[in-house]
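Hi there,

Here is the structure I promised to pass on to you. Please open it beside this email and follow along as you read.

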Amino acid sequence: ERIEAYHVIEHLPNPAIRNILSHWNSILVPGGKLVVECPDVDQVFREYLAGNENRLFNVFGLQRFLGHIEKVKLIRGNSIETIPAFIEKQPHLLVSLLYLDFDLYEPTMVALRHFIPRMPKGAVVAFDELDNPLWPGETVAMLEYFKGLNLQIEKLPFDPYIGIAVI
(Lines give C-alpha, C1' and ligand atoms only; values in the text may rest on other atoms or scores of the structure.)
Protein backbone atom coordinates (compact mmCIF):
# COMPACT_ATOMS: atom_id res chain seq x y z
CA GLU A 1 0.00 0.00 0.00
CA ARG A 2 2.88 2.35 0.74
CA ILE A 3 6.62 2.52 0.07
CA GLU A 4 8.61 5.03 2.11
CA ALA A 5 12.22 6.00 1.42
CA TYR A 6 13.57 8.59 3.81
CA HIS A 7 17.05 9.86 3.01
CA VAL A 8 17.85 6.91 0.77
CA ILE A 9 17.68 8.13 -2.79
CA GLU A 10 20.39 10.77 -2.37
CA HIS A 11 22.87 7.96 -1.67
CA LEU A 12 22.17 6.13 -4.93
CA PRO A 13 24.13 6.68 -8.13
CA ASN A 14 22.30 8.85 -10.66
CA PRO A 15 22.09 6.14 -13.35
CA ALA A 16 20.24 3.82 -10.95
CA ILE A 17 17.64 6.27 -9.63
CA ARG A 18 15.29 6.07 -12.62
CA ASN A 19 15.32 2.25 -12.52
CA ILE A 20 14.73 2.14 -8.77
CA LEU A 21 11.83 4.60 -8.94
CA SER A 22 10.31 2.61 -11.81
CA HIS A 23 10.69 -0.61 -9.83
CA TRP A 24 9.07 0.88 -6.72
CA ASN A 25 6.23 2.20 -8.85
CA SER A 26 5.75 -1.22 -10.47
CA ILE A 27 5.36 -3.03 -7.15
CA LEU A 28 2.96 -0.54 -5.60
CA VAL A 29 -0.62 -1.71 -5.34
CA PRO A 30 -3.09 0.34 -7.41
CA GLY A 31 -3.73 3.56 -5.52
CA GLY A 32 -0.64 2.99 -3.34
CA LYS A 33 1.64 5.80 -2.26
CA LEU A 34 5.36 6.27 -2.87
CA VAL A 35 6.92 8.66 -0.34
CA VAL A 36 10.46 9.82 -1.10
CA GLU A 37 12.17 12.34 1.16
CA CYS A 38 15.49 13.85 0.21
CA PRO A 39 16.93 16.88 2.01
CA ASP A 40 18.84 19.77 0.52
CA VAL A 41 21.73 18.91 2.81
CA ASP A 42 23.81 21.96 1.91
CA GLN A 43 20.97 24.31 2.84
CA VAL A 44 20.15 22.36 5.99
CA PHE A 45 23.71 22.63 7.28
CA ARG A 46 23.98 26.32 6.31
CA GLU A 47 20.87 27.00 8.41
CA TYR A 48 22.12 24.82 11.26
CA LEU A 49 25.52 26.52 11.35
CA ALA A 50 23.77 29.91 11.27
CA GLY A 51 22.12 29.01 14.57
CA ASN A 52 18.88 27.23 13.61
CA GLU A 53 19.49 23.95 15.46
CA ASN A 54 15.91 22.77 14.93
CA ARG A 55 16.40 22.83 11.14
CA LEU A 56 18.68 19.80 11.27
CA PHE A 57 16.32 17.86 13.49
CA ASN A 58 13.26 18.74 11.40
CA VAL A 59 14.92 17.28 8.31
CA PHE A 60 16.15 14.17 10.06
CA GLY A 61 13.04 12.83 11.63
CA LEU A 62 11.01 14.90 14.08
CA GLN A 63 7.94 14.45 11.89
CA ARG A 64 8.23 10.64 11.86
CA PHE A 65 7.31 7.88 14.31
CA LEU A 66 8.90 8.55 17.71
CA GLY A 67 9.71 12.06 16.52
CA HIS A 68 10.24 13.21 20.08
CA ILE A 69 13.35 11.03 20.37
CA GLU A 70 16.54 12.68 19.16
CA LYS A 71 17.87 10.81 16.11
CA VAL A 72 20.63 13.15 14.97
CA LYS A 73 23.34 14.93 16.88
CA LEU A 74 25.90 17.00 15.06
CA ILE A 75 29.11 17.24 17.04
CA ARG A 76 31.55 19.89 15.96
CA GLY A 77 35.25 19.28 16.27
CA ASN A 78 38.03 16.89 15.42
CA SER A 79 36.63 13.34 15.33
CA ILE A 80 39.85 11.98 16.83
CA GLU A 81 38.87 13.84 20.01
CA THR A 82 35.08 13.95 19.77
CA ILE A 83 34.44 10.23 19.12
CA PRO A 84 36.05 9.01 22.36
CA ALA A 85 34.30 11.75 24.35
CA PHE A 86 30.95 10.92 22.73
CA ILE A 87 31.29 7.20 23.45
CA GLU A 88 32.27 7.85 27.07
CA LYS A 89 29.04 9.84 27.57
CA GLN A 90 26.89 7.13 25.90
CA PRO A 91 27.27 3.91 27.94
CA HIS A 92 23.99 2.60 26.46
CA LEU A 93 24.99 3.13 22.80
CA LEU A 94 24.62 0.25 20.34
CA VAL A 95 25.49 0.70 16.67
CA SER A 96 23.73 -1.28 13.95
CA LEU A 97 25.21 0.52 10.94
CA LEU A 98 28.57 2.27 10.87
CA TYR A 99 29.36 4.15 7.66
CA LEU A 100 32.91 5.45 7.62
CA ASP A 101 33.93 8.18 5.21
CA PHE A 102 37.03 9.67 6.79
CA ASP A 103 39.44 8.72 3.97
CA LEU A 104 42.33 9.12 6.43
CA TYR A 105 43.97 6.55 8.70
CA GLU A 106 43.79 8.11 12.15
CA PRO A 107 40.11 9.15 12.32
CA THR A 108 39.09 5.83 10.71
CA MET A 109 41.07 3.87 13.31
CA VAL A 110 39.64 5.95 16.18
CA ALA A 111 36.12 5.29 14.89
CA LEU A 112 36.78 1.55 14.53
CA ARG A 113 38.28 1.26 18.02
CA HIS A 114 35.36 3.04 19.64
CA PHE A 115 32.31 2.00 17.60
CA ILE A 116 33.01 -1.63 16.61
CA PRO A 117 32.90 -2.86 20.24
CA ARG A 118 29.39 -1.34 20.39
CA MET A 119 28.19 -3.37 17.38
CA PRO A 120 26.24 -6.60 17.96
CA LYS A 121 26.56 -9.64 15.74
CA GLY A 122 24.82 -8.93 12.43
CA ALA A 123 25.64 -5.20 12.45
CA VAL A 124 27.05 -3.66 9.27
CA VAL A 125 30.21 -1.61 8.82
CA ALA A 126 30.74 0.23 5.54
CA PHE A 127 33.81 1.99 4.19
CA ASP A 128 33.50 4.73 1.61
CA GLU A 129 37.07 4.73 0.29
CA LEU A 130 38.19 1.11 0.49
CA ASP A 131 41.02 0.16 -1.86
CA ASN A 132 41.19 3.72 -3.20
CA PRO A 133 44.78 4.53 -4.23
CA LEU A 134 44.16 8.26 -3.64
CA TRP A 135 42.99 7.69 -0.04
CA PRO A 136 44.78 4.62 1.36
CA GLY A 137 44.27 5.53 5.04
CA GLU A 138 40.81 4.01 5.36
CA THR A 139 42.01 0.71 3.89
CA VAL A 140 45.14 0.58 6.06
CA ALA A 141 43.10 1.22 9.22
CA MET A 142 40.57 -1.46 8.25
CA LEU A 143 43.30 -4.03 7.53
CA GLU A 144 45.06 -3.34 10.84
CA TYR A 145 41.90 -3.33 12.96
CA PHE A 146 40.42 -6.52 11.50
CA LYS A 147 43.76 -8.34 11.05
CA GLY A 148 43.25 -12.08 11.49
CA LEU A 149 39.45 -11.84 11.79
CA ASN A 150 38.71 -12.95 8.22
CA LEU A 151 36.26 -10.12 7.59
CA GLN A 152 34.22 -10.75 4.43
CA ILE A 153 33.91 -7.48 2.52
CA GLU A 154 31.48 -7.06 -0.33
CA LYS A 155 31.83 -4.35 -2.94
CA LEU A 156 28.85 -2.48 -4.32
CA PRO A 157 28.33 -2.70 -8.08
CA PHE A 158 27.82 1.05 -8.55
CA ASP A 159 30.94 2.29 -6.71
CA PRO A 160 34.36 0.60 -6.84
CA TYR A 161 35.47 1.99 -3.47
CA ILE A 162 32.54 1.32 -1.14
CA GLY A 163 32.94 -1.90 0.81
CA ILE A 164 30.51 -3.36 3.35
CA ALA A 165 30.81 -6.18 5.86
CA VAL A 166 28.51 -7.86 8.36
CA ILE A 167 30.19 -8.14 11.74
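Below is what I found, going from the overall layout to single residues.

First, a word on how to read it. This is a predicted model, in which local features need pLDDT of at least 70 and side-chain atom pairs count only at pLDDT 80 or more, while totals for chains, interfaces and linings use all residues. Residues are numbered from 1 along each chain as its sequence is written, and side-chain values use heavy atoms, with hydrogens and water left out.

**The overall layout**

The protein chain contains six helices and six strands. Both kinds of element are DSSP runs, numbered from the N terminus: helices are H or I with at least four residues, and strands are E with at least two. Along the sequence, the order is β-α-β-α-α-α-β-α-β-α-β-β. The chain has 167 residues, and 32% of them count as buried. Here, buried means under 20% relative accessible area, exposed means over 50%, and partly exposed lies in between (1.4 Å probe, protein chains only).

**The start of the chain**

E1 pairs with E2 in the parallel sense, over five bridges. Two strands pair if DSSP finds at least two bridges between them. Across this pairing, Ile3 sits opposite Leu34 of E2.

How many salt bridges does a search of the whole structure find? The search finds one, and its partners are the side chains of Arg2 and Glu4, at 2.5 Å from N to O. The term salt bridge stands for a side-chain nitrogen of Lys or Arg within 4 Å of a carboxyl oxygen of Asp or Glu. In general, side chains of opposite charge can pair when their charged atoms come close. Arg2 counts as partly exposed because its relative accessible area is 46%, and Glu4 is also partly exposed, at 41%.

Strand E2 spans residues 33-37 and is the place of Val36. With a relative accessible area of 36%, Val36 is partly exposed. Together with Leu21 and Leu34, Val36 makes a nonpolar surface patch of about 180 Å². Patches are made of residues with over 30% relative accessible area and no salt bridge; like charges are joined within 9 Å, and nonpolar side chains (Val, Leu, Ile, Met, Phe, Trp, Tyr) within 5 Å. The accessible areas come from the Shrake-Rupley method with a 1.4 Å probe, and for residues only the protein chains shown count as cover.

Now look at E3 (residues 97-100) and E4 (residues 124-127), which run parallel and are joined by four bridges. In this pair, Tyr99 faces Ala126 of E4.

Strand E6 (residues 159-166) pairs with E4 in the antiparallel sense, over four bridges. Phe127 has Gly163 of E6 as its bridge partner, and Val125 stands opposite Ala165. E6 also pairs with strand E5 (residues 154-156), again antiparallel, over three bridges. There, Glu154 is opposite Ile164. E5 and E6 form a hairpin, with two residues between them.

**The core and helix H5**

The largest nonpolar core has 21 residues, and those with the most contacts inside it are Leu98, Phe115, Val125 and Phe127. The elements that give this core two or more residues are helix H4 (79-88), E3, H5, E4 and helix H6 (137-145). Which of them gives the most? That is H5, with five residues. A nonpolar core is a set of buried Ala, Val, Leu, Ile, Met, Phe, Trp, Tyr and Cys residues joined through side-chain atoms within 4.5 Å.

Tyr105 and Met142 are 37 residues apart in sequence and 8.7 Å apart in space, C-alpha to C-alpha.

Enjoy exploring the structure!
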